[in-house]
Amino acid sequence: MATSELDTARDEIAAPDDVTPAASNASVADAPRAPRTGATGTRPARQTRGARARGVDAEASEAFQQAEANTETVRRETKRARRAPSPARAAEREQSRIAEQPGFVLHSYPYRETSLIIDVLTRDHGRIALVAKGAKRPHSALRGVLQTFQPLSLAWLGKGELRTLTKAEWVGGLRPLEGDALLSGFYLNELLVKFCARDDPHDKLFQHYLTTLHHLAHGEPAGIILRAFERVLLRETGYAVAFDRCTQTRGKVVPERRYVFHPDWGVRPASGDEPSDWPIVIGQTLLDMEQDNYSRAQTVQQSKLLMRFLLNHHLGGVPLNTRQILLDLQKL
């Protein structure tokens, strides 16, 4: 009996009724684990160092961007300062800018793909060369303006041998040349190109050119108009000598006497030993030419031969293209 009670008490102590194996396992699983040594302090320390590194990188990037912006500003200011002309250069450039200058196109030829170089006669600047940029383009405003024998108002920029045309306007007031008058106009232009040096103004010659075009456009006799222009051309360019004075006798030309005109010395009596290509004219022709009087038929004929001889001499024997064209047309 005693032994049985002792065994029962031992079993109750070893396995209590309210404790099961599952409950025991759950209790063990739910029990909090002991933290690792240093775990609670290590993770916040890493986060602090990362934030500091990111802050340093952001500050460095901002400083770099600011430095780049400052460098670009300095570069722009330096470039602007280099482009800005000095006061002396600005004044010189302003002096090289010409506006509203009366002029005529004498000749033009292509320049590159879309531009032209035009040879113009101006009132105050003489004969100059201008480049008309884009004048060959179909819709260029200059395309229909840069025509020969038409009064123009020109503006350009530059001081070199080839300047830049900036504006051209048609002035009007002159009829277009047609037929023989047109060929005579080309003859005038060729004379001006060959006799007038660049940048050598001749205001009287410019005005006489305008008057000559006006006479030709109204159908006046070309022979008379051209002789008068040729004489003014030689006089204004420094080649003319008086027609009414004899260089040998220093006296006035006698109407009935025969004379020759030495290209360099002037009028002298014909002696018969002159070169065969020197034309012989009577004194009346010379007196009429001095007065621009071409009412006599003999004066018209002899003055034509004399002026052709003088022009050919001063051109060094180089033939005029327009004169050759006129001769060829007369043979047709």
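How many nonpolar, polar and charged residues does the lining of the largest cavity have, by class? The lining has three nonpolar, three polar and two charged residues, where Ala, Val, Leu, Ile, Met, Phe, Trp, Tyr, Cys and Pro count as nonpolar, Asp, Glu, Lys and Arg as charged, and the others, Gly among them, as polar.

The model is predicted: local features need pLDDT of at least 70, side-chain atom pairs count only at pLDDT 80 or more, and totals for chains, interfaces and linings use all residues. Residues are numbered from 1 along each chain as its sequence is written, and side-chain values use heavy atoms, with hydrogens and water left out.

## Cavities and a pocket

Rolling a probe the size of a water molecule over the atoms shows where empty space is left. On a 1 Å grid over the protein atoms alone, a cavity is a set of points where a 1.4 Å probe fits but cannot get out, whereas a pocket is an open set with protein on both sides within 12 Å along at least five of seven lines; lining residues have an atom within 4 Å of a point. Grid points are joined across faces, edges and corners, and a volume is the space filled by probe spheres set on the points.

Two cavities of 30 Å³ or more are found in the whole structure. The volume of the largest cavity is about 40 Å³, and its lining consists of Leu 121, Thr 122, Gly 126, Arg 127, Cys 196, Asp 200, His 202 and Leu 205. Strand E2 (115-122) and strand E3 (126-132) are the elements that give two or more residues to this lining. Here helices (H or I, at least four residues) and strands (E, at least two) are DSSP runs, numbered from the N terminus.

The second largest cavity is lined by Arg 231, Leu 234, Tyr 239, Ala 240, Val 241, Phe 243, Phe 261 and Leu 310. The second largest pocket has a lining made up of Leu 106, His 107, Phe 186, Asn 189, Glu 190, Val 193, Lys 194, Asn 321 and Thr 322. Two or more of these residues come from each of E1, helix H5 (180-195) and helix H10 (321-331); H5 gives the most, with five residues. The table sets out volumes and residue classes.

| Space | Volume | Lining by class |
|---|---|---|
| Largest cavity | about 40 Å³ | three nonpolar, three polar, two charged |
| Second largest cavity | about 30 Å³ | seven nonpolar, no polar, one charged |
| Second largest pocket | about 200 Å³ | three nonpolar, four polar, two charged |

## Salt bridges

The whole structure holds eleven salt bridges, each being a side-chain nitrogen of Lys or Arg within 4 Å of a carboxyl oxygen of Asp or Glu. Arg 127, which lines the largest cavity, forms a salt bridge with Asp 119 at 2.6 Å, N to O. Arg 127 and Asp 119 are both buried (under 20% relative accessible area, with exposed over 50% and partly exposed in between; 1.4 Å probe, protein chains only). A network of salt bridges links Asp 119, Arg 127 and Arg 198.

Elsewhere, Glu 236 and Arg 235 meet in a salt bridge of 3.6 Å, N to O, and Arg 235 is partly exposed at 42% relative accessibility. Asp 244 is buried, with a relative accessible area of 14%, and forms a salt bridge with Lys 252 in which the closest N and O atoms are 3.8 Å apart.

A pair of aromatic rings is described by the distance of the centres and the angle of the planes. Rings of Phe, Tyr and Trp (its six-membered ring) pair if their centres lie within 6.5 Å; planes under 30 degrees apart count as stacked, over 60 as edge-to-face and the rest as tilted. By this rule there are seven aromatic pairs. One of them is the tilted pair of Phe 104 and Phe 206, 5.7 Å centre to centre with 50° between the planes. Phe 104 lies in strand E1 (residues 97-111) and Phe 206 in helix H6 (residues 203-217), so the pair ties together parts that are 102 residues apart in sequence. Both Phe 104 and Phe 206 are buried. Ring pairs also link Phe 104, Phe 206, Tyr 209 and Phe 229 into a cluster.

Trp 278 is buried, with a relative accessible area of 15%, as is Phe 309, at 12%. The buried residues of H9 also include Leu 306 and Leu 310; Leu 310 is one of the residues that line the second largest cavity. H9 has 18 residues and reaches 26 Å from its first C-alpha to its last, close to the 26 Å expected at 1.5 Å a residue, the expected span being 1.5 Å times one less than the number of residues. Just after H9, Gly 316 takes a positive phi of about 70°.
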